[in-house]
Amino acid sequence: MRRIVATTALAVLVPTLALAQDNTDDLAKQLQNPVSSLISVPIQGNFDFNGGPNGNGRVWTTNIQPVIPVTLNPDWNLIIRTILPVTYRDNYTDGQEFGLGDTTQSFFLSPSQPTAGGIIWGIGPAFLWPTATDDSLGTEKWGVGPTGVVLTQQGPWTIGLLANHIWSYAGPRGRSDVSQTFVQPFASYNFGQGWSVTLNTESTYDWTNDKLTVPINVQVAKVFKIGSQAMSAGVGARYYAIKPEGAPEWGLRAQLTFLFPK
(Lines give C-alpha, C1' and ligand atoms only; values in the text may rest on other atoms or scores of the structure.)
Protein backbone atom coordinates (compact mmCIF):
# COMPACT_ATOMS: atom_id res chain seq x y z
CA MET A 1 0.00 0.00 0.00
CA ARG A 2 2.80 2.43 0.86
CA ARG A 3 4.47 1.81 -2.49
CA ILE A 4 1.19 2.51 -4.31
CA VAL A 5 0.67 5.79 -2.40
CA ALA A 6 4.25 6.91 -3.03
CA THR A 7 3.99 6.11 -6.73
CA THR A 8 0.68 7.98 -7.01
CA ALA A 9 2.10 11.00 -5.19
CA LEU A 10 5.10 11.05 -7.54
CA ALA A 11 2.84 10.80 -10.58
CA VAL A 12 0.91 13.84 -9.37
CA LEU A 13 4.05 15.79 -8.46
CA VAL A 14 5.91 15.33 -11.77
CA PRO A 15 3.16 16.89 -13.97
CA THR A 16 2.82 19.72 -11.42
CA LEU A 17 6.54 20.51 -11.65
CA ALA A 18 6.41 20.30 -15.45
CA LEU A 19 3.43 22.68 -15.50
CA ALA A 20 5.28 25.16 -13.24
CA GLN A 21 8.33 24.98 -15.54
CA ASP A 22 6.20 25.54 -18.65
CA ASN A 23 4.55 28.49 -16.92
CA THR A 24 7.87 30.24 -16.15
CA ASP A 25 9.06 29.65 -19.72
CA ASP A 26 5.82 31.13 -21.08
CA LEU A 27 6.15 34.15 -18.80
CA ALA A 28 9.75 34.65 -19.93
CA LYS A 29 8.64 34.74 -23.58
CA GLN A 30 5.78 37.12 -22.79
CA LEU A 31 8.17 39.41 -20.95
CA GLN A 32 10.46 39.54 -24.01
CA ASN A 33 7.51 40.73 -26.13
CA PRO A 34 7.02 44.51 -25.64
CA VAL A 35 3.35 44.28 -26.73
CA SER A 36 2.26 41.08 -24.94
CA SER A 37 -0.92 41.06 -22.85
CA LEU A 38 1.14 40.80 -19.65
CA ILE A 39 1.05 43.43 -16.93
CA SER A 40 4.60 43.96 -15.72
CA VAL A 41 6.39 46.46 -13.49
CA PRO A 42 10.15 46.43 -14.15
CA ILE A 43 12.43 48.29 -11.77
CA GLN A 44 15.73 48.65 -13.58
CA GLY A 45 18.96 49.89 -11.99
CA ASN A 46 21.67 51.21 -14.35
CA PHE A 47 25.15 52.02 -13.08
CA ASP A 48 27.41 53.84 -15.57
CA PHE A 49 31.07 54.70 -15.05
CA ASN A 50 33.98 56.69 -16.54
CA GLY A 51 31.94 59.58 -17.88
CA GLY A 52 31.93 63.34 -17.38
CA PRO A 53 34.48 65.99 -18.37
CA ASN A 54 37.30 64.33 -16.41
CA GLY A 55 36.40 60.69 -17.05
CA ASN A 56 35.56 59.98 -13.40
CA GLY A 57 31.82 60.64 -13.53
CA ARG A 58 29.28 58.13 -12.28
CA VAL A 59 25.57 57.85 -12.96
CA TRP A 60 23.01 55.74 -11.11
CA THR A 61 19.65 55.64 -12.86
CA THR A 62 16.65 53.66 -11.65
CA ASN A 63 14.00 53.30 -14.34
CA ILE A 64 10.47 52.53 -13.19
CA GLN A 65 8.81 51.02 -16.27
CA PRO A 66 5.22 49.79 -15.84
CA VAL A 67 3.65 48.09 -18.87
CA ILE A 68 -0.16 48.07 -18.90
CA PRO A 69 -2.05 46.21 -21.66
CA VAL A 70 -5.66 47.29 -22.33
CA THR A 71 -7.99 44.99 -24.28
CA LEU A 72 -9.94 47.12 -26.76
CA ASN A 73 -11.82 44.22 -28.37
CA PRO A 74 -11.11 40.56 -29.24
CA ASP A 75 -8.79 41.63 -32.08
CA TRP A 76 -6.85 44.62 -30.72
CA ASN A 77 -4.89 45.64 -27.64
CA LEU A 78 -3.48 48.97 -26.50
CA ILE A 79 -0.15 48.63 -24.70
CA ILE A 80 0.90 51.56 -22.50
CA ARG A 81 4.63 51.59 -21.70
CA THR A 82 6.00 54.25 -19.33
CA ILE A 83 9.61 54.99 -18.37
CA LEU A 84 10.19 57.23 -15.33
CA PRO A 85 13.90 57.65 -14.47
CA VAL A 86 15.26 58.54 -11.04
CA THR A 87 18.89 59.65 -11.41
CA TYR A 88 21.89 60.40 -9.20
CA ARG A 89 24.90 61.88 -10.99
CA ASP A 90 28.35 62.65 -9.59
CA ASN A 91 31.38 64.41 -11.13
CA TYR A 92 29.51 65.63 -14.20
CA THR A 93 29.24 69.25 -13.05
CA ASP A 94 30.58 71.22 -10.09
CA GLY A 95 28.29 69.31 -7.75
CA GLN A 96 25.95 66.37 -7.57
CA GLU A 97 22.49 66.02 -9.08
CA PHE A 98 19.65 63.84 -7.87
CA GLY A 99 16.00 63.69 -8.88
CA LEU A 100 13.43 62.63 -11.42
CA GLY A 101 14.20 62.78 -15.13
CA ASP A 102 11.82 63.30 -18.03
CA THR A 103 9.12 60.66 -18.55
CA THR A 104 8.71 58.83 -21.86
CA GLN A 105 5.31 57.22 -22.44
CA SER A 106 4.44 55.08 -25.47
CA PHE A 107 1.08 53.78 -26.69
CA PHE A 108 1.18 50.74 -29.00
CA LEU A 109 -1.91 49.62 -30.91
CA SER A 110 -1.29 45.92 -31.50
CA PRO A 111 -3.25 42.95 -32.90
CA SER A 112 -4.11 40.39 -30.23
CA GLN A 113 -2.75 37.57 -32.43
CA PRO A 114 0.42 37.29 -34.57
CA THR A 115 0.12 37.40 -38.35
CA ALA A 116 -0.02 34.18 -40.38
CA GLY A 117 3.76 34.45 -40.74
CA GLY A 118 4.26 34.73 -36.98
CA ILE A 119 4.99 38.48 -36.94
CA ILE A 120 3.98 40.49 -33.85
CA TRP A 121 3.77 44.25 -34.24
CA GLY A 122 2.54 47.45 -32.63
CA ILE A 123 2.48 51.11 -33.61
CA GLY A 124 1.41 54.38 -32.04
CA PRO A 125 2.57 57.67 -30.51
CA ALA A 126 5.33 58.31 -27.97
CA PHE A 127 5.26 61.31 -25.64
CA LEU A 128 7.97 63.15 -23.73
CA TRP A 129 6.77 64.70 -20.47
CA PRO A 130 9.05 67.29 -18.73
CA THR A 131 8.92 65.73 -15.26
CA ALA A 132 12.59 66.38 -14.33
CA THR A 133 13.08 67.93 -10.91
CA ASP A 134 16.54 69.32 -11.83
CA ASP A 135 17.32 71.36 -14.95
CA SER A 136 20.38 69.21 -15.69
CA LEU A 137 18.39 65.95 -15.58
CA GLY A 138 15.80 66.87 -18.20
CA THR A 139 15.02 68.88 -21.31
CA GLU A 140 12.15 71.05 -19.94
CA LYS A 141 10.46 70.28 -23.28
CA TRP A 142 7.17 68.66 -24.26
CA GLY A 143 7.62 66.19 -27.10
CA VAL A 144 5.77 63.72 -29.31
CA GLY A 145 6.49 61.39 -32.22
CA PRO A 146 5.86 57.95 -33.71
CA THR A 147 6.89 54.65 -32.15
CA GLY A 148 6.71 51.07 -33.36
CA VAL A 149 7.82 47.52 -32.60
CA VAL A 150 8.06 44.37 -34.71
CA LEU A 151 9.22 40.93 -33.57
CA THR A 152 8.91 37.21 -34.05
CA GLN A 153 9.09 34.35 -31.56
CA GLN A 154 10.23 31.05 -33.00
CA GLY A 155 11.11 28.19 -30.67
CA PRO A 156 13.46 29.50 -27.95
CA TRP A 157 14.21 32.71 -29.89
CA THR A 158 12.68 36.19 -29.68
CA ILE A 159 14.07 38.63 -32.26
CA GLY A 160 12.78 42.12 -32.92
CA LEU A 161 13.20 45.87 -33.20
CA LEU A 162 11.68 48.74 -31.21
CA ALA A 163 12.09 52.36 -32.32
CA ASN A 164 10.75 55.86 -31.82
CA HIS A 165 11.46 59.43 -32.81
CA ILE A 166 10.48 62.38 -30.63
CA TRP A 167 10.33 66.08 -31.56
CA SER A 168 9.75 68.83 -29.00
CA TYR A 169 6.78 71.13 -29.61
CA ALA A 170 6.71 73.30 -26.49
CA GLY A 171 8.91 74.45 -23.63
CA PRO A 172 11.29 77.26 -22.67
CA ARG A 173 12.97 78.96 -25.64
CA GLY A 174 16.26 79.00 -23.79
CA ARG A 175 16.50 75.20 -23.85
CA SER A 176 17.62 73.14 -26.86
CA ASP A 177 14.92 71.64 -29.05
CA VAL A 178 14.50 67.88 -28.94
CA SER A 179 14.81 65.80 -32.11
CA GLN A 180 15.91 62.33 -31.08
CA THR A 181 15.75 58.87 -32.65
CA PHE A 182 15.84 55.74 -30.48
CA VAL A 183 16.48 52.30 -32.04
CA GLN A 184 16.58 49.06 -30.04
CA PRO A 185 17.20 45.81 -31.93
CA PHE A 186 17.00 42.84 -29.56
CA ALA A 187 17.48 39.07 -29.50
CA SER A 188 16.64 36.73 -26.62
CA TYR A 189 17.25 33.01 -26.21
CA ASN A 190 15.33 30.91 -23.68
CA PHE A 191 17.18 27.99 -22.08
CA GLY A 192 14.16 26.59 -20.22
CA GLN A 193 13.14 26.66 -16.55
CA GLY A 194 12.67 30.43 -16.87
CA TRP A 195 16.31 31.18 -17.79
CA SER A 196 17.13 33.46 -20.72
CA VAL A 197 19.86 35.67 -22.15
CA THR A 198 19.23 38.90 -24.08
CA LEU A 199 21.50 40.94 -26.35
CA ASN A 200 20.40 44.41 -27.47
CA THR A 201 21.53 47.89 -28.27
CA GLU A 202 19.74 51.03 -27.07
CA SER A 203 21.03 53.44 -29.71
CA THR A 204 20.12 57.12 -29.64
CA TYR A 205 20.83 59.78 -32.23
CA ASP A 206 20.46 63.40 -31.11
CA TRP A 207 19.77 65.31 -34.35
CA THR A 208 19.89 68.69 -32.63
CA ASN A 209 23.44 68.23 -31.36
CA ASP A 210 24.63 65.62 -33.90
CA LYS A 211 25.50 63.00 -31.26
CA LEU A 212 25.24 59.22 -31.58
CA THR A 213 25.28 56.88 -28.56
CA VAL A 214 25.36 53.09 -29.00
CA PRO A 215 25.47 51.03 -25.79
CA ILE A 216 25.56 47.23 -26.24
CA ASN A 217 23.81 45.32 -23.44
CA VAL A 218 23.98 41.65 -22.44
CA GLN A 219 21.66 40.41 -19.68
CA VAL A 220 20.88 37.05 -18.08
CA ALA A 221 17.45 36.71 -16.44
CA LYS A 222 15.39 34.16 -14.55
CA VAL A 223 11.60 34.00 -14.08
CA PHE A 224 10.50 32.55 -10.75
CA LYS A 225 7.71 32.69 -8.20
CA ILE A 226 7.59 33.58 -4.52
CA GLY A 227 4.28 32.24 -3.34
CA SER A 228 1.79 33.25 -5.99
CA GLN A 229 3.79 36.30 -7.13
CA ALA A 230 5.63 35.82 -10.43
CA MET A 231 8.85 37.80 -10.87
CA SER A 232 11.90 38.06 -13.07
CA ALA A 233 15.38 39.02 -11.93
CA GLY A 234 18.25 39.86 -14.26
CA VAL A 235 21.81 41.15 -14.25
CA GLY A 236 23.96 42.35 -17.11
CA ALA A 237 26.74 44.56 -18.43
CA ARG A 238 26.92 47.36 -20.97
CA TYR A 239 29.69 48.67 -23.23
CA TYR A 240 29.40 51.99 -25.08
CA ALA A 241 30.63 51.09 -28.58
CA ILE A 242 29.95 54.62 -29.90
CA LYS A 243 29.59 57.61 -27.62
CA PRO A 244 29.93 61.39 -27.60
CA GLU A 245 32.57 63.13 -25.54
CA GLY A 246 31.81 62.92 -21.81
CA ALA A 247 29.53 59.88 -22.06
CA PRO A 248 30.26 56.79 -19.91
CA GLU A 249 32.47 53.98 -21.20
CA TRP A 250 30.76 51.01 -19.56
CA GLY A 251 28.04 50.10 -17.10
CA LEU A 252 26.15 47.45 -15.16
CA ARG A 253 22.43 46.68 -15.01
CA ALA A 254 20.24 44.91 -12.46
CA GLN A 255 16.51 44.46 -12.92
CA LEU A 256 13.60 43.11 -10.90
CA THR A 257 10.25 42.77 -12.64
CA PHE A 258 6.91 42.03 -11.03
CA LEU A 259 4.63 40.03 -13.36
CA PHE A 260 0.85 39.95 -13.32
CA PRO A 261 -0.47 37.50 -15.95
CA LYS A 262 -4.02 38.07 -17.08
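This is a predicted model: local features need pLDDT of at least 70, side-chain atom pairs count only at pLDDT 80 or more; totals for chains, interfaces and linings use all residues.

Colleague: How many positive and negative side chains does the chain have, and how far apart do the centres of the two sets lie?
Modeller: There are 16 positive and 18 negative side chains, and the two centres lie 11 Å apart. Lys and Arg count as positive, Asp and Glu as negative, while His and the chain ends are not counted. Each charge is placed at NZ of Lys, CZ of Arg, CG of Asp or CD of Glu.

Colleague: Okay, what is the chain built from?
Modeller: One helix and 15 strands. Both are DSSP runs numbered from the N terminus: helices are H or I with at least four residues, strands are E with at least two.

Colleague: And what does the C-alpha trace span?
Modeller: About 80 × 40 × 30 Å along its principal axes. The accessible surface comes to about 14,100 Å², and 63% of that belongs to carbon and sulfur atoms. Those areas come from the Shrake-Rupley method with a 1.4 Å probe, and for residues only the protein chains shown count as cover.

Colleague: How much of the chain is buried?
Modeller: Buried residues make up 39% of the 262 residues. Buried means under 20% relative accessible area, exposed means over 50%, and partly exposed is in between (1.4 Å probe, protein chains only).

Colleague: Let's zoom in on strand β2. Which residues are on its covered face?
Modeller: In β2, residues 57–64, the covered face has G57, V59, T61 and N63. The uncovered face has R58, W60, T62 and I64.

Colleague: Which strands does β2 pair with?
Modeller: Strand β1 (residues 38–51) is joined to β2 by seven bridges, and the two run antiparallel. β2 also pairs with strand β4 (residues 76–90), again antiparallel and over seven bridges. Two strands pair if DSSP finds at least two bridges between them.

Colleague: Where does V59 come into that?
Modeller: V59 is the bridge partner of D48, and V59 also stands opposite R89 in β4.

Colleague: Which residue takes a positive phi in the hairpin of β4 and β5?
Modeller: N91, near 65°, in a hairpin with five residues between the strands. N91 sits in the loop between β4 and β5 and counts as partly exposed, at 29% relative accessibility.

Colleague: Why point that out?
Modeller: Because most residues other than glycine have a negative phi. N91 is not a glycine. N50 is also a residue other than glycine with a positive phi, near 60°. N50 is in strand β1 and is partly exposed, with a relative accessible area of 32%.

Colleague: New topic: is T147 buried or exposed?
Modeller: T147 is buried, with a relative accessible area of 4%. T147 is in strand β8 (residues 142–154).

Colleague: What does T147 touch?
Modeller: Beyond residues up to four places away in sequence, its contacts (heavy atoms within 4.5 Å) include F107, I123, A126 and N164. T147 and A126 are 21 residues apart in sequence but 5.8 Å apart in space, C-alpha to C-alpha. A polar atom of the T147 side chain also lies 2.9 Å from the backbone oxygen of A163.

Colleague: How about T257, buried or exposed?
Modeller: T257 is buried, at 0% relative accessible area, and lies in strand β15 (residues 250–261). Its side chain makes a polar contact of 3.3 Å with the side chain of Q255. A polar contact is a pair of N or O atoms within 3.5 Å; within protein, one must be able to donate a hydrogen and the other to accept it, and residues adjacent in sequence count only if both atoms are side-chain atoms.

Colleague: Last one: what does the side chain of S168 reach?
Modeller: The backbone nitrogen of V178, at 2.8 Å. S168 lies in strand β9 (residues 157–170).

Note on methods: Residues are numbered from 1 along each chain as its sequence is written. Side-chain values use heavy atoms; hydrogens and water are left out.
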